[in-house]
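Please look over the sequence and the structure shown here, and then read the briefing that follows, which is grouped by topic.

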Amino acid sequence: QINLRTLSCPQAIDRHKYLFILEDLHVIEKEVPVTERSPLKSRKGLYRIQDQFFKFWFRYVLPNRARIEEGRLENVLSRIRTDFPTLVAENYERLAADIVKAHEDRIFPIENAGRWWTKNEEIDLVALNEGGERGKDPQKLVLELEERPEHLTPRISHTCQAIKNLT
């Protein structure tokens, strides 16, 4: 994620200019919660580095540049080993969204799929069908993606239990 306040541009207009250029080059992308009605106008957007090389560079190489240049690689490699699953998980969430969209014939017609968040909450993947012109009820598929069940937070575990009790 890119924090607009930390960009060294004199004015907000300049920031947007550079963000648009980086978006056009597919280096970054703006992501908004999947339920936003007007994604292009949304002020809830987050800018994320899209290019995998740049993502790796800015996450591991640039912050540790001095250590790498001095040949002190053990700390750097240790951090990469510890943090790399997080980087992979971000890509896994995107892959999961693509898989859900590709198999919508098994679920329901999907109008939109992606992450959803508020200030204090986040859902990894929400697939939506608002019902549209057909007069059908809106449909939502909500997925929390975790490597192992023990990583689920107690809140999510309670939600899963509540869903089991309803059926």
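**Two helices in contact**

Gln52, Lys55, Phe56, Arg59 and Tyr60 in H2 meet Val76, Arg79, Ile80, Asp83, Phe84, Thr86, Leu87, Glu90 and Asn91 in H4, where contact means heavy atoms within 4.5 Å. The residues of this contact of H2 with H4 divide into 6 nonpolar, 3 polar and 5 charged. This is a predicted model, in which local features need pLDDT of at least 70 and side-chain atom pairs count only at pLDDT 80 or more, while totals for chains, interfaces and linings use all residues. Residues are numbered from 1 along each chain as its sequence is written, and side-chain values use heavy atoms, with hydrogens and water left out.

**How the helices cross**

- The axes of H2 (residues 52–61) and H4 (residues 73–102) come within 11 Å and cross at roughly 140°.
- That angle makes H2 oblique to H4, because angles under 35 degrees count as roughly parallel, over 145 as roughly antiparallel, 65 to 115 as roughly perpendicular and the rest as oblique.

**Glutamate 31**

- Glutamate 31 lies in strand E1, which covers residues 28–31, and with 15% relative accessibility it counts as buried (under 20% relative accessible area, with a 1.4 Å probe and protein chains only).
- Leaving aside neighbours within four places in sequence, glutamate 31 is in contact with residues including Lys44, Leu46, Arg48 and Trp117.

**The whole protein**

- The secondary structure of the protein comes to 5 helices and 5 strands, and along the sequence these follow the pattern α-β-β-α-α-α-β-β-β-α.
- Of the 167 residues of the protein, 25% count as buried.

Note on methods. Axes are lines fitted to C-alpha atoms, for helices over the stretch in contact, and angles run from 0 to 180 degrees between N-to-C directions. Helices (H or I, at least four residues) and strands (E, at least two) are DSSP runs, numbered from the N terminus. Ala, Val, Leu, Ile, Met, Phe, Trp, Tyr, Cys and Pro count as nonpolar, Asp, Glu, Lys and Arg as charged, and the others, Gly among them, as polar. Buried means under 20% relative accessible area, exposed over 50%, partly exposed in between (1.4 Å probe, protein chains only).
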